[in-house]
Amino acid sequence: MTHTSIDQRGAWRALTAHADAMRGAHLRDLFAGAPGRQAAYTRHAAGLTLDLSKQRWSDETFGLLLDLAREAGLPEAIRALLEGERVNVSEDRPALHTALRLPAEASLVVEGEDLVPGVHATLDHMATMVERFHAGQWRGATGKAIRNVVNLGVGGSDLGPLMVTHALADYRPDDVHRIEVHFASTMDGSQLADYLARLNPETTLFVLSSKSFTTIDTLSNARTARDWLMSRLGQEEGVDDGLVMRQHFIGVSASPEKMNDWGIAPDHQLEFWEWVGGRYSLWGGIGLPIALVVGMDNFRELLAGAHAMDRHFREAALADNLPVLLALAGIWNVNFLDIRAHSILPYDGRLEYFAAYLEQLEMESNGKSVTHDGREVGYSTCPVLWGQLGPNAQHAFYQLLHQGTQAVECDFIAPLVRYDDVTDEATRDHLMSQHRLTLANCFAQSRVLMLGDDAIDDAGPRPGHKRYRGNQPSSTVLLDRLTPATLGALIALYEHKVFVQATIWEINPFDQWGVELGKKIAGETQRILESRQGLEAMDESTRALIEAVWAAERAAETDSR
C-alpha cells in the first residue's frame, strides 16, 4: 500500500489553509479578542507550568494541531516508545532511556527480558562507588583519597552531566568528603592540559565515558591522562601500572570487552545499554559525575522527576500533555508560520548550560531530511536552535529578536522561587529581590516580543529606528523551584517534545548518521595528514588545506634546529 506523506494528509492541508488566515494576526489582537487566553493555554505537571498563550495561534489552530497529532498516530507512538518497541527503525532497536528512571518496583519486559533489575543493579553499583568517594575511601595508587574526578566524554557523555552538575550545585551534600568534578571533551587536549597542569595525580581519577569505547576524542584524552599518571606515579615505591589503572580509572560503556582491553578493572565499570542513545544517557552510568556532586539521593530524585514527566506523557490527554503541546507549538511555527529559528533563554544562572544541552538533544535528534521509509521530506524539520542565559543574551542578541528581520521562536525558562532557604534574613531579602529583578526581566522580554510598541505606555509616534513590531511567539516554562526533581521533569519534557515532533515529521530521532559520516571522513583525513599519502583522493580545497599544514610543520621543524 502506498504511504501518504504527512504533508499530503487532511490535517496538514487544513493547517496550511488556516495558516494563510493566521499570518496577518497579531498577538495583541488575539489576547484582546479572547479574555482568559492565558488560562486556556497554560498547563501544569511534575512541578512545571507551561504557558503557551503567547504563541500565534487560536482555538481553531489548537484543534487542527491536535488533529494532526492524531493523524500522525501520536498516541500509538507514545505507547510504542514507552513499552519498548523498536522505534529506532534504522538501527532496529528500542529507545529506552525512559527505562533508566523507572522505580525499582516497576517492571518493563522487552523482548522477554525485564529491564528494571539490570537498570537498578547498575544504579546500586554506582551508589557503592559514590559512597566510597564520599567517605574518602576511594584512594589513589599512593594511598591518598581521591579529591578530583575528570570526566572524559564528548556529546551526550559530556553535555548532560556538565549541565546537570552545574544546575544542581546547590544540592551538594555538606557532610561528605568533597569531590571536585571537571569535564574535558575537546579532542585538541586544551581542556585536559589545563587540568593536568593544576591537579595532583595522586588524588585525581578519570571517568572514561563512551558508549562504543571507540570515540577518538575521548580515547585521545584518555591516553594523555594515562601517560600523565604513569609518568608521575610510576616511580613511586610499590606502585605499578596495574595499580594506577585500577585506582585512577572508571569506565562507562556498552562495551565491557573494550574497557577490559584498555585495562579498566571490571568492578570499576558501569554498564551502558545499546538501547540508550548517547544524548539520552545522563540517567544511568553516564550520570556518575552528577551523583558524585549531588549525592545518590539527589540523583534518584532527578530520576523520579523525569519519571513523573514520563507518566504524564503516557497518561495525559493530548490537549493537556505538556510535551505534546510544546512540540505542536514548534510544528506550527516551523511548518506553517515559516519560523526556522528557536532560542532557549533560561533566567537562572544555574541553567547556564541548558541551551547547549538542548542544541544537541534537538538538532542531533531531528536534524534529518529523510523519512523512516527513505523518502526525502518535502517540509522543514528541526529549526536552528541556540540560546544563552537570558540576562546575558539581553545584551547580546535580543536586538535581533526585537527589531531584526528574522522571526524567532523563544522559550523563556525560570524558577518561581529562589533563595527562600537562606538563613540570614538580610541576605535572603537582598537575594530574593535580585531574583524578582531577574523574573521581571524574563516576563518583560516575552511581553515586548509579543506586543512590540504596544507594551510601552507612552509610545506615541515613534521614529522608525525605535519601532518594535512585536508578534514574536514565545513559550514560558516555570519551575516551582529548581530542584533535582523539577530539573529531571524539565529535561524529560524536552526529550518527549523531540519525540513528538519526530513522529509528526516521520523521521527517526534516535540515529545520527551524519555524525557517523563526519567521524569516518575525519579518520581518513587524519591518516593522510600523518602518512602523507593519499592526497590525490582529496578535493582541491582539502588538498590545499592539508598542504598548508605540512608546510607549516616543515617550517616549524626548520626553525627548531
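Is Asp194 buried, partly exposed or exposed? In this predicted model, Asp194 is partly exposed, at a relative accessible area of 40%. Asp194 pairs with Arg198 in a salt bridge, and the closest N and O atoms are 3.1 Å apart. Both residues belong to helix H8, which spans residues 190–198. They are separated by about one helical turn, because they stand four residues apart in that helix.

The protein is assigned three parts. Domain 1 is made of segments 10–96, 307–455 and 467–509, domain 2 covers 98–298, and domain 3 covers 518–560. Between the C-alpha centres of domain 1 and domain 2 the distance is 32 Å. Their contact draws 34 residues from domain 1 and 31 residues from domain 2. About 2800 Å² is buried between domain 1 and domain 2. Carbon and sulfur atoms account for 59% of that area.

Polar and charged pairs also span this interface. Six salt bridges are counted between domain 1 and domain 2. A salt bridge joins Asp170 to Arg350, with 3.2 Å between the closest N and O atoms. Residue pairs in polar contact between domain 1 and domain 2 number 18. On the side of domain 1 that touches domain 2, the elements giving two or more residues are helix H13 (296–315), helix H15 (354–366) and helix H19 (484–505). H19 supplies the largest share of that side, eight residues. By residue class, the side of domain 1 that touches domain 2 holds 17 nonpolar, eight polar and nine charged residues.

Thr486 is placed in helix H19. Its relative accessibility is 7%, so Thr486 counts as buried. The side chain of Thr486 makes two backbone approaches. One reaches the backbone oxygen of Arg481 at 2.6 Å. The other reaches the backbone nitrogen of Thr483 at 2.9 Å. Beyond residues up to four places away in sequence, Thr486 touches Ala46, Gly47, Leu48, Leu479 and Arg481. Thr486 and Arg23 are 463 residues apart along the chain, and their C-alpha atoms are separated by 35 Å.

Arg481 lies in the loop between strand S13 (474–479) and H19, and Asp420 in the loop between strand S12 (409–415) and helix H18 (425–451), so the pair ties together parts 61 residues apart in sequence. Arg481 is partly exposed, with 38% relative accessibility. Asp420 is partly exposed as well, at 34%.

Pro323 sits in helix H14, residues 322–336. Its relative accessible area is 0%, so Pro323 is buried. Leaving aside residues up to four places away in sequence, Pro323 touches Met309, His312, Phe313, Leu493, His496, Lys497 and Val500. Pro323 and Val477 are 154 residues apart in sequence, yet their C-alpha atoms are 11 Å apart in space.

Thr381 occupies the loop between H15 and strand S11 (384–387). With 10% relative accessibility, Thr381 counts as buried. Two backbone oxygens lie by polar atoms of its side chain. That of Lys368 is at 2.8 Å, and that of Asn366 is at 3.4 Å. Not counting residues up to four places away in sequence, Thr381 touches Val334, Asn366, Lys368, Trp505 and Ile507.

The structure holds 30 salt bridges. One of them joins Arg532 to Glu553, with the closest N and O atoms 3.0 Å apart. This pair links distant parts of the chain, 21 residues apart. Arg532 lies in the loop between helix H20 (513–531) and helix H21 (540–560), and Glu553 is in helix H21. Arg532 is partly exposed at 38% relative accessibility. Glu553, at 40%, also counts as partly exposed. Elsewhere, salt bridges link Arg9, Asp373, Arg375 and Glu506 in a network.

Definitions and conventions: Residues are numbered from 1 along each chain as its sequence is written. This is a predicted model: local features need pLDDT of at least 70, side-chain atom pairs count only at pLDDT 80 or more; totals for chains, interfaces and linings use all residues. Side-chain values use heavy atoms; hydrogens and water are left out. Domain bounds come from an automatic or database domain assignment. Contact means heavy atoms within 4.5 Å. Buried area is the accessible area (1.4 Å probe) that two parts lose on being put together, summed over both. A salt bridge is a side-chain nitrogen of Lys or Arg within 4 Å of a carboxyl oxygen of Asp or Glu. A polar contact is a pair of N or O atoms within 3.5 Å; within protein, one must be able to donate a hydrogen and the other to accept it, and residues adjacent in sequence count only if both atoms are side-chain atoms. Ala, Val, Leu, Ile, Met, Phe, Trp, Tyr, Cys and Pro count as nonpolar, Asp, Glu, Lys and Arg as charged, and the others, Gly among them, as polar. Buried means under 20% relative accessible area, exposed over 50%, partly exposed in between (1.4 Å probe, protein chains only).
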